[in-house]
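Open the structure in your viewer and keep the selection tool at hand. Each stop below says what to select next and what is there.

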Amino acid sequence: MPPTQAESVIKNIIREIGQECAAHGETVSETLAAFMVKAVVLDPSNGFNMDRTLMKSDVQKLVKLCVSRLLDSKNPSLDTIKMQVYFDMNYTSREEFLEEHHRILESRLGSVIREITDNRACTREELESLYRKIVSYVLLRSGLGSPTDIKVVREATAALQSIFPQAELGTFLTLSKKDKERQLKELTMVVTGIRLFNRDCGKGGEGIDDLPAILQEAIPATTQHIDSQLQIAQDQAYRYTAILETVAKNPLLSMELQPYMLKEALYNMRQYETFLQIILSDIITCAQEVEMMIKQLGAQLEQLKMTVKSKTAVPTSQVFPIFIALSNLWTSFQDETVLISVLSNLTTHLEPFLGAHELLFPEKVMQNLLDGLTVKTDVCRMKEHMEDRVRPVDFRKQEWLFPETTANFDKLLIQYRGFCAYTFATTDGLLLPGNPAIGILKYKEKYYTFNTRDAAYLFAESPENYIDLIKEKAKKNAELIQLLELHQQFETLIPYSQMKDVDKHHIKPITKCESSTQTDTHILPPTIMRSYEWNEWELRRKAIKLANLRRKVTHSVQTDLSHMRRENCSQVYPPKDASTQSMRESSTRVPRPQIYIAGLRGGQGKITYGVKVNLTRAVDET
């Protein structure tokens, strides 16, 4: 069958299943219907051949089986599948959620941005209208108050006018569209920083919620609620495990408890526990981020106060970066608030998928089933066999990993979500937690844990046999594919949220590393006796010397002429650097002529007689 035709047939089957369920008053999403189709086809007891084209009778049979399973409201298996589908459709990683959240905010502001960037205001009224739109955009983007609140608008307008007066709208309109959008974002961040600073100083902050205080109150409350739900789920799972463990040891009880669907209830509770742990991990990450951001916010506000102090004017190059940093921090607070709200709602919406437990297992029924049994927690089970470790010398071909020989022991991706593979395969689906301290088996680049050493030895003898048994069990109970993370065996049922992480989570163990040691030359202080002599003759010589000194007397004499003398000192001038010039430059010039004529004024006679006198000096005299 061509792929397009097969896809059309599958869509028709899903549509028909949805219509049949709707006729019985049950609303089924297309995702849930598609998952149920895969689950029914994989179950070998239904007799569908994956390699054969579906006939009309096969399609009718498939629709009938899917509808019957989807309408079985008292089946914990169906609740588990619904829970998995709901979680996969509504949960995303922290990074993807924040990215999607910002994208939605940008799309909502698109129309407002276009009204501003495409505006061609000319008159005074049009410019005032444009300025009001910019104020509204700043408030909508920052999320600090409502644009319809007069006090909030006035405060935001005053902050905007301090950095972007209305007179600068003409320059703004000449910019390109991208430059306008960039300037609008910068103006929003600076105005947000100004309003946050004014709020901290007690001079403003109208309509601004105290997000740090709200988060500090909401995160512990959410964590406490999830912890309580997690504890209830674990206690219930421990009770189911104790009953099923007794049934596995006594086959006669298996027939009596068959109608109770204990294993399906255990899978449901374990899946709920897993989802709660994922959500709790994200909330703990939020708490760490909020704690770090509160410290950064206090540091930025303190730095801004030190910069501004009582100055009337401060350079924009000093305060604008701090205002922008404050705005980014507040945006992060808003993101954490939305994320906490989404995770809390997700936790609340998971609880309805546990309704079958109260119907199938009332407290009175559970007490009868638990009569005479000891309920053990996962921690107690691990402690029981903590000392019974695998001996690697017993295996020549298999590789075993231990905490003391593997650096990233806690980061290894354990198969079947950490449950004992041998117990699950041999007891028809009993989930017992594996104990990594016993030893982790590395087989075909995958890692397996076991609850006892005997289980580890038996599994290591024939791993492929037990892996096939687990795969066949998962075909009968499709909810195990996601619960035990059997995505590689059933690639068509990989959840979207985990599709990207199939290859990324493959972490290799680090069992070798380069290391070096250095021994100090002398760790302890030296104890060498310098006065020690091994030579007897040297000791004899020293003894004679000391004996002779006892009979010696020291005399001193002071002469009469020298007792008044004192020490003298003289000062010497060190030689200094000097320089001489062997020749010098000189120049000569021609003497200036000096000639005088006497008698030009005339005398008493009619004839004038002049006398010329040459006073110019000779060349050799100059």
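Start by selecting Glu445, which is partly exposed, with a relative accessible area of 38%. Buried means under 20% relative accessible area, exposed means over 50%, and partly exposed lies in between (1.4 Å probe, protein chains only). This is a predicted model, in which local features need pLDDT of at least 70, side-chain atom pairs count only at pLDDT 80 or more, and totals for chains, interfaces and linings use all residues. Residues are numbered from 1 along each chain as its sequence is written, and side-chain values use heavy atoms, with hydrogens and water left out.

**Two residues with positive phi**

Stay on Glu445, which is found in the loop between β2 and β3. Helices (H or I, at least four residues) and strands (E, at least two) are DSSP runs, numbered from the N terminus. Glu445 is not a glycine, yet it has a positive phi of about 65°.

Next select Asp428, in the loop between α18 and β2. Asp428 is not a glycine either, and its phi is positive, about 60°. Its relative accessible area is 46%, so Asp428 is partly exposed.

**Helix α20**

Select residues 463-476, which make up helix α20. At 1.5 Å a residue, its 14 residues should span 20 Å, and the end C-alpha atoms are 21 Å apart, which agrees. The expected span is 1.5 Å times one less than the number of residues.

Which residues of α20 are buried? They are Pro463, Tyr466, Ile467, Ile470, Lys473 and Ala474. Seen down the axis of α20, the buried residues fall within an arc of 120°, so they line one face of the helix. The arc is that of the directions from the helix axis to the C-beta atoms. An α-helix has 3.6 residues a turn, so residues three or four places apart point the same way.

Now show what covers the buried residues of α20: this includes α13, α18 (421-426), β2 (440-443), β3 (446-448), α19 (453-461) and α21 (479-483). Contact here means heavy atoms within 4.5 Å.

**Helix α5**

Move to residues 94-108, helix α5. Its 15 residues should span 21 Å at 1.5 Å a residue, and its end C-alpha atoms are 21 Å apart, which agrees. The buried residues of α5 are Arg94, Phe97, Leu98 and His101. They cover an arc of only 95° around the axis, which puts them on the same side of α5. Turn to the face away from this buried side to find the exposed residues Glu95 and Glu99. The cover over the buried residues of α5 includes α13 and α14.

**Aromatic rings**

Show the side chains of Phe, Tyr and Trp. Their rings (the six-membered ring for Trp) pair if the centres lie within 6.5 Å; planes under 30 degrees apart count as stacked, over 60 as edge-to-face and the rest as tilted. How many aromatic pairs does a search of the whole structure find? It finds 15.

Select Tyr86 and Phe353: the ring centres are 5.9 Å apart and the planes are at 45°, so the pair is tilted. This pair links distant parts of the chain, with Tyr86 in helix α4 (residues 76-90) and Phe353 in the loop between α14 (316-350) and α15 (355-360), 267 residues apart. Tyr86 is partly exposed at 23% relative accessible area, while Phe353 is buried at 15%.

Then select Tyr131 and Phe164, whose ring centres are 6.3 Å apart with planes at 5°, so this pair is stacked. Tyr131 is buried, with a relative accessible area of 3%, and Phe164 is buried at 2%.

**The cores**

Keep Phe164 selected and show its contacts: not counting residues up to four places away in sequence, Phe164 touches Tyr131, Ile134, Leu169, Phe172, Gln183 and Leu187. A nonpolar core is a set of buried Ala, Val, Leu, Ile, Met, Phe, Trp, Tyr and Cys residues joined through side-chain atoms within 4.5 Å. The largest has 118 residues, and Phe164 is one of those that touch the most other members. Helix α13 (residues 262-308) gives the most to this core, with 18 residues. Finish at a second, separate core of 24 residues, which includes Val59, Val63, Val67 and Leu78.
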